[in-house]
Amino acid sequence: MILTLAASSFRASLRKTKVVRNVTPFGTIRNTSPLGNGVSVIRVCMALEVDDDGAKRLLNKVSLEEKELYTNISMLSQDNLRVPQQQQQKRLDGAYSFRQRALGRYVSNVASTFLQYTNCIRYGNMESIRVPFVEDAVKEFRQVAKEERQVFAATAATQKKKKNSMHPESKEKKVQRKEKVGDDANVTDPKSGGKKSGYIIATILLSIKGDRTSVPLPFGILRQRDVGRALSRIATDSKVGDCLVGSEISWFPHKTEMDGDIDGMLMSEKNVLKSFPDLISLT
């Protein structure tokens, strides 16, 4: 459900406190980078409507990226254990750089994957704040990440409880029941040849140096392509050397909650908006 691999960590309430998205004038900011001045904390949240087959393909892609990152970090940790004590500091510096590059590739690849599904994004939102220094961004990121984990944990628990409470019934009756009770279950999408559709919810949090990634769109997030532009920026900027401070990517349903079966795990539109009331309907 949640991946946390932040080189530094973050603050909260971008979700609940509407932070002004315009760049705040801090006077002379000496903390510069290839992406601009200061440090930005950014949250992009999206709800994608997909059928079961589409959901499996998308979730498989992001899960593979997650697995590759964990593998790289695990191998790095094992290598550090074999380094002589006198070389530890040099090795740690190299390990930090390697981890940042691995994290940057992961964020870029996941953002690019969601970008391929832009036409499935029905709801979205982007919030950002720019602060002068990394230490300030760390505080912001920690709180946002903490709140986001709580929301995703509650969402997973609720959805899993609903799935487990479903009465045993034939597949035909189950489909009819889901068509009838659209608020609490996936519904059949008439445009998808009778396949059931539901929602995947995903959030990308990142702290990154500069202000280029967080530059607000002229009219905010109103259309699918606005979310696409935000994802494209993240995919590009997260790989710029020494700029990504940290990131946390969350999505539901996650492989760990599905138990090998996605049936009943995709969210309904009502539950998406209840759990993430800040989402905006996109055109």
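Leaving aside its neighbours within four places in sequence, Leu231 is in contact (heavy atoms within 4.5 Å) with Val44, Met46, Ala111, Phe114, Leu115, Ile121 and Ile204. This is a predicted model, in which local features need pLDDT of at least 70 and side-chain atom pairs count only at pLDDT 80 or more, while totals for chains, interfaces and linings use all residues. Residues are numbered from 1 along each chain as its sequence is written, and side-chain values use heavy atoms, with hydrogens and water left out.

Leu231 also belongs to the largest nonpolar core, which has 42 residues and in which Val44, Met46, Phe114 and Leu231 touch the most other members. A nonpolar core is here a set of buried Ala, Val, Leu, Ile, Met, Phe, Trp, Tyr and Cys residues joined through side-chain atoms within 4.5 Å, where buried means under 20% relative accessible area, exposed over 50%, and partly exposed in between, with a 1.4 Å probe and protein chains only. Two or more residues of this core come from each of β4, α1 (52–81), α2 (88–115), β5 (121–131), β7 (196–209), α5 (224–237) and β8, and the element that gives the most is α2, with 7 residues. A second, separate core of 14 residues includes Val151, Ala156, Met267 and Val272. In soluble globular proteins, nonpolar side chains tend to be buried together.

Strand β5 is mostly covered, since 10 of its 11 residues are buried. It runs antiparallel to β4, to which 10 bridges join it, and Cys45 stands opposite Asn125 of β5. Strand β9 (residues 280–281) is also antiparallel to β5, with 2 bridges between them, and there Gly124 has Ile280 as its bridge partner. Two strands are taken to pair if DSSP finds at least two bridges between them.

The structure holds 8 salt bridges, each defined as a side-chain nitrogen of Lys or Arg within 4 Å of a carboxyl oxygen of Asp or Glu. In one of them the side chains of Glu148 and Arg43 meet, at 3.2 Å from N to O; this pair links distant parts of the chain, with Glu148 in helix α3 (residues 134–164) and Arg43 in strand β4 (residues 39–51), 105 residues apart. Glu148 is buried because its relative accessible area is 0%, and Arg43, at 0% relative accessibility, counts as buried too.

Another salt bridge joins Glu248 and Arg149 at 3.1 Å, N to O, again linking distant parts of the chain, as Glu248 lies in strand β8 (residues 244–252) and Arg149 in helix α3, 99 residues apart. Glu248 counts as buried at 1% relative accessibility, whereas Arg149, at 32%, counts as partly exposed. Arg223 forms a salt bridge with Asp226, their closest N and O atoms being 3.4 Å apart; Arg223 counts as partly exposed at 32% relative accessibility, and Asp226 as buried at 3%. Salt bridges that share partners join Arg43, Glu127, Glu148 and Asp278 into one network.

Helix α3 also holds Gln159, which is buried, with a relative accessible area of 5%. Neighbours within four places in sequence left aside, Gln159 is in contact with Phe252, Gly264, Met265, Leu266, Met267 and Asn271.

Note on methods:
Helix = DSSP H or I, 4+ residues; strand = E, 2+ residues; numbered from the N terminus.
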